[in-house]
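Thanks for making the time this morning.

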Amino acid sequence: MSLYARRVTLPAITPIVLQKRVIKVYSEDDTSRALEVASDITARDVCQLLILKNHYIDDHSWTLFEYLPRTGLERIIEDHELVIEVQSNWGMEEENRLYFRKKYAKYEFFKHPMNFFPEHMVSFSSETSGVIGHTQILQMFLSSSTYPEIHGYLYAKEHGKKSWKKWYFLLRRSGLYFSTKGTSKEPRHLQFFSEFSSSDIYMSLAGKKMSGTPANYGFCFKPNKAGGTRDLKHLCADDEQSRTCWMTAIRLLKYGMQLYQNYMQPYQGRSGCSSLTISPMRSISENSLVAMDFSGHRSRVIENPAEALSVAVEEGLAWRKKGCLRLNTHGSPTTSQSATSSVAIHRTQLWFHHKISRDEAQRLILQQGLVDGVFLVRDSQSNPKTFVLSMSHGLKIKHFQIVPLEDDGKLFYTLDDGHTRFTDLIQLVEFYQLNKGVLPCKLKHYC
């Protein structure tokens with residue numbers, strides 16, 4: 001018996017070669033780093049790469065931004081977006097940039113939705129019955145069958161004109177509409193303004209003076225394709241809470257479940273992480289500071305705020321004495337030397353921003369995200385001898401004056417007219433990171 005084998009010629013397999021390009025990513029101090037990346041690299045991949053290269057701590061708040069300097073617009077590049085695709089939409093003459101920095105508010109609406117969707121701006125379809133909680137609102141945004149309706153007044157820039165007009169807007173799954181007759185929601189009174197499947201939502205950083213907006217709470221729609229300023233659709237809210245609500249709702253409707261998957265990715269593999277009721281891991285800054293007592297055989301956490309303050313003051317005074325002894329070569333520390341050392345020591349801290357204006361402080365905090373407890377300390381412009389603690393709470397930025405007090409030849413700092421005193425600003429900040437005190441919340445994340 002003879003066997004015959006048939007020769008089969010298989011088609012040649014062409015390997016897929018991913019295109020590589022060099023991108024430049026800027027930090028907050030405007031220094032840049034060039035990276036060679038493949039065409040399939042995502043924003044999250046770039047963030048992880050930069051975290052490793054810079055030896056940063058990954059607390060899931062590092063974010064890639066797209067900044068358009070000509071128009072003063074900026075947006076979060078979502079974690080799943082392809083970076084090369086984003087850059088491909090830039091015009092040849094545009095000087096757009098990628099920025100890498102923290103944004104604590106990126107997914108904050110999944111943790112605290114009640115801060116992002118005020119009741120007077122949210123309504124539901126007639127099929128929905130009963131009391132709707134904030135978690136249910138998020139689930140509706142992520143669902144394809146139901147949706148909450150966002151509504152309220154916004155200023156819109158009239159096409160081809162410099163003037164702005166106030167209209168009643170409604171955000172639905174099909175797009176953004178405005179009513180031509182008061183607050184009427186009848187179909188014959190609704191006019192289409194913009195869809196968001198092929199557009200991106202940007203926040204205006206230019207401010208009221210530069211952009212000509214009625215207030216400092218501007219945002220706009222920009223088509224994904226490269227285009228001029230004529231294609232932008234500008235809007236402006238009356239306050240930050242309203243702008244945040246609109247922009248958050250648009251992000252949720254545009255990306256849906258993908259946004260939730262982006263949020264969940266760092267927590268995958270942890271138990272109990274399968275629903276919106278997840279209690280995410282606390283940030284690095286929240287876990288890094290706790291009052292401890294090491295005086296006994298065993299260490300213990302000091303829960304009582306009054307005891308924590310007493311220990312902090314006692315340790316601060318001891319630290320000050322040691323610092324004075326090191327500074328004074330003659331071995332006799334003086335009050336003036338002690339005061340000088342306590343004043344100067346805070347200048348080395350990352351949360352201290354020296355002589356910046358109130359507006360600049362607000363801009364920095366807004367960049368990091370209006371999450372409760374984001375803060376910085378700066379010199380006061382109105383009173384050269386005092387300092388100001390600027391912080392965010394309830395989607396608002398608040399400012400507290402830190403006043404120096406002299407008592408029995410010793411210099412102290414206080415936020416509450418001398419009821420609670422600190423020997424230096426470092427001690428003050430560390431105390432309010434542990435205790436709310438007179439502040440609306442604890443200090444959590446520094447700028």
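Two strands are taken to pair if DSSP finds at least two bridges between them, where strands (E, at least two residues) and helices (H or I, at least four) are DSSP runs numbered from the N terminus. This is a predicted model, in which local features need pLDDT of at least 70 and side-chain atom pairs count only at pLDDT 80 or more, while totals for chains, interfaces and linings use all residues. Residues are numbered from 1 along each chain as its sequence is written, and side-chain values use heavy atoms, with hydrogens and water left out.

Strand β18 (residues 396–407) runs antiparallel to β17 (residues 387–393), joined by seven bridges, and it is also antiparallel to β19 (residues 410–414), with five bridges. Val 388 has Gln 401 in β18 as its bridge partner, and Leu 405 is partnered by Phe 412 in β19. β17 and β18 form a hairpin with two residues between them, where Gly 394 in the turn has a positive phi of about 60 degrees; β18 and β19 form a hairpin that also has two residues between the strands, with Asp 408 at a positive phi of about 55 degrees.

Turning to the cores, a nonpolar core is a set of buried Ala, Val, Leu, Ile, Met, Phe, Trp, Tyr and Cys residues joined through side-chain atoms within 4.5 Å, and buried means under 20% relative accessible area, with exposed over 50% and partly exposed in between (1.4 Å probe, protein chains only). The largest has 52 residues, of which Phe 117, Ile 150 and Phe 169 touch the most other members. Helix α6 (residues 240–255) gives the most to this core, with eight residues. Apart from it lies another core, of 21 residues, including Val 377 and Leu 415.

Finally, a search of the whole structure finds zero disulfides, a disulfide being a pair of cysteine sulfur atoms within 2.5 Å.
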